[in-house]
Amino acid sequence: MREQGISVSNRLGLHARAAAKLVQTVQHFQSTVMLISQSREVNAKSIMGVMMLAAGLGTPLTIRADGPDEDAAMAAVIALFERKFDEGG
Amino acid sequence: MRQVLTGAIGARGMALGRARRVQTTDVRIDPTPLANAEVDGELQRLHQALESAREELLALRDKLQGSMAREATEFVDAHSMLLSDPDLLRGLNAMIRDEHMRAGAALKAQRDRLAGVFEAMDDPYLRSRSEDIDQVIGRVQSILARKSSPEERKLASRVGEILVAETIAPGDLASLAGRGLLGAITASGSAYSHSAILARNLNLPMLIGVASALGTIRDNDLVLLDGETGELIVHPAAQDLARYRRWQRATTREGKRLAALANAPTRTHDGVDIRLYANAEQAGDLATARATGASGIGLYRSEFLFLQQKGLPSEDEQFGAYRNLVLGMGGLPVTIRTLDLGADKAGNAGLTVRGEENPALGVRGIRLSLRHPVIFATQLRAILRAASYGPVRILIPMVTQIDEIDAVRTLVDHCARDLRNEGEDPPDNLDIGAMIEVPAAALTVRHLLKHADFLALGTNDLAQYVLATDRNNDALGNLYNPLQPALLRLIHHVISAANHAGKPVCLCGEMAGDPLFTPLLLALGLTDFSMHPGQLLAVRDRIGSLEHARLRRLAPRILRAGSCDEVEAIVRQGMPATA
């Protein structure tokens, strides 16, 4: 199991488009990926879960990946956050 | 009676059209628990409905084109993902399996639970995501309900309409916009809804939160959607239409595109803008014209209105047809050609005319109309009334000399004055244009241009008259050829004269819609084409591959050519190597 902290850095927060991108990114990994914010924990493979986290700009999150490809899954999620979900802002 | 409703502005702009109500069927939820034996069947029913909903969205996504696809795909994908959401499915399965709820009741319970969570959020954008949940679950509910009654979800597919609904999913909105929808009014929803975001990106005027919309507006009511003030006017009066026209003029002046989706650019490879208009006869042509991004209607043949029924159509019947045309084009210009019949067909339209030995050279087109001033005035009045609803131009067929144009202008002014006395409000100074199809008119076009506001080249008839060849006579097939140098010199003469006079000229014969002739017409200096709307995409495609400057340089040689073969050889040199 791997855990890493990150904060939401795209302007609009984890809105539906960004949530959809996150789900698409983690869907193909076997590992379970969870997002944790203020003791709430949601499945990153569920678009509803991600949206319901209501994570706006600057929200600190913990990402937890657990499974056979957890390193790759974690790297992919971190990369997506760092690219600001390809929103160009 | 005029009524004003108000709402919040979802997307700016104005739209005038007929209302189309889409009411989500009230889904009746059966609260009785399932028997043990029913559980597996109910799970299957739910998953089949989910699968159908996914397929619906997939089909919707595949049909979106161009700007619509760019703007809407992500929203449609978000809905597809909700339908496959592992958390949602787990919840639904548990409710059916463990609590013995029916599929409809389980969907509703999930909807209520999720909506509650979203509505408690601080961020207004995230809060309005509950609309997505509603729309997705509503789609599944209506599929479940449809199993018992196989009626299709009927969404507006006709052009010139304004949608009135409780709420509209972004995918459905994009699909309707692609089919000519002019605007949308929803009873609920917020400016943060994906549909409102999409409407703004598509320049589709939208009002939201017009709570009484469904209760007040009936199907086919004329409504003016004012996305600048947030007002919705049901049965608009003359002053509303005048405001709408002012807005149209202002947006045109500012160079704003009235509807981005209906204005896909047509541009040569070297960046010269070309305008493609549609020829139209019926509603289907309008739908295609809108969907393919025509710049307007270049030729509406009004005689079809006269030929489709026995007896002459009344002023109101004609007004209704012309107004639908104007509304259907949503503010793009519509060119209505006045009755164009000769002795061969006039009898079928309910006109009594003397038999003629040679109807092609007889009383036809404007010659016929001027001999029947009452019938002609009825048509002009109907056109003038329709012109209150959007930009209209009048096109006169079979013009031979200038006094015919002047006679029409006098009659139009007369009709406009009468209408004003009757309390109507026709616009001033409607553009009146001449169809150039008689060789004499082509040869004296400089004089005609002092009297006409625009020209339309009717090359089908012009070719017949110049070549003295009936194009339906098989024995003369080798003569009737649009590449005939005599015809091309006339076409070029007309285009140059119009350009010189600074007046628009459009070509609306068959050759305008045939990609084979596109390079030739560009070489001759044509910038406005009008064609059957089914040809529009092919011609636009062709134009995109051509070098305008290179073709224009060929014009002097084309005009010196002595045969069709020579013309063909010259044009081929101006083509890109791969074409």
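A:Glu3 counts as partly exposed, because 13 C-beta neighbours lie inside 10 Å. The scale behind that word runs as follows: a residue is buried with 20 or more other C-beta atoms within 10 Å of its own, exposed with 12 or fewer, and partly exposed in between, the C-beta atoms being placed from the backbone. This is a predicted model, in which local features need pLDDT of at least 70 and side-chain atom pairs count only at pLDDT 80 or more, while totals for chains, interfaces and linings use all residues. Residues are numbered from 1 along each chain as its sequence is written, and chains are lettered from A and ligands numbered from 1 in the order in which they are written.

Stay with A:Glu3 for a moment. A:Glu3 sits in strand S1 (residues 2-7) of chain A. Helices (H or I, at least four residues) and strands (E, at least two) are DSSP runs, numbered from the N terminus. Neighbours within four places in sequence aside, A:Glu3 is in contact with A:Thr62, A:Ile63 and A:Arg64. Contact here has a cut-off: the C-beta atoms of the two residues, placed from the backbone, lie within 7 Å. A:Leu35 is 32 residues away from A:Glu3 along the chain, and their C-alpha atoms are separated by 9.8 Å.

Now take chain A as a whole. Chain A has 3 helices and 4 strands. Along the sequence they follow the pattern β-α-β-β-α-β-α. Of the 89 residues in chain A, 39% are buried. Take the contacts in chain A between residues at least 6 apart in sequence: 71% of them join residues at least 24 apart.

Chain A also touches chain B. The contact takes 17 residues from chain A and 18 residues from chain B. On the chain A side, helix H1 (16-27) and helix H2 (47-52) each supply at least two residues. H2(A) gives the largest share, 5 residues. By class, this side of chain A has 9 nonpolar, 6 polar and 2 charged residues. In this scheme Ala, Val, Leu, Ile, Met, Phe, Trp, Tyr, Cys and Pro count as nonpolar, Asp, Glu, Lys and Arg as charged, and the others, Gly among them, as polar.

Move on to chain B and its strands. An open sheet of 8 strands has the order S1-S8-S7-S3-S4-S5-S6-S2, with mixed pairing. Strand S1 (3-6) and strand S2 (8-11) of chain B stand at the edges with a single partner strand each, so one side of each is left without a neighbour in the sheet. From one strand to the next, the twist averages 30°. Two strands pair if DSSP finds at least two bridges between them. Within chain B, strand S4 (residues 161-165) and strand S5 (residues 183-186) run parallel, joined by 4 bridges. There B:Val164 stands opposite B:Ile185 in S5(B).

Strand S9 (residues 275-280) of chain B comes next. It is largely enclosed by the rest of the structure, because 5 of its 6 residues are buried. S9(B) pairs in the parallel sense with strand S16 (residues 528-531) of chain B over 4 bridges. B:Tyr277 stands opposite B:Ser530 in S16(B). S9(B) also pairs in the parallel sense with strand S10 (residues 297-301) of chain B, over 3 bridges. Here B:Ala278 has B:Ile297 as its bridge partner in S10(B).

Helices pack too. Two packed helices are described by the angle between their axes and the distance between the axes. Axes are lines fitted to C-alpha atoms, for helices over the stretch in contact, and angles run from 0 to 180 degrees between N-to-C directions. In chain B, the axes of helix H3 (residues 86-97) and helix H4 (residues 103-119) come within 9 Å and cross at roughly 130°. H3(B) and H4(B) are therefore oblique to each other; angles under 35 degrees count as roughly parallel, over 145 as roughly antiparallel, 65 to 115 as roughly perpendicular and the rest as oblique. Their contact has 8 nonpolar, 2 polar and no charged residues. Helix H13 (residues 315-328) and helix H16 (residues 373-386) of chain B pack at about 40°, with axes 8 Å apart. Their contact has 6 nonpolar, 3 polar and 4 charged residues.

Finally, look at a loop residue. B:Asn429 lies between helix H17 (402-421) and strand S13 (431-436) of chain B. Its phi is positive, about 50°, although B:Asn429 is not a glycine. B:Asn429 counts as exposed, because it has 9 C-beta neighbours inside 10 Å.
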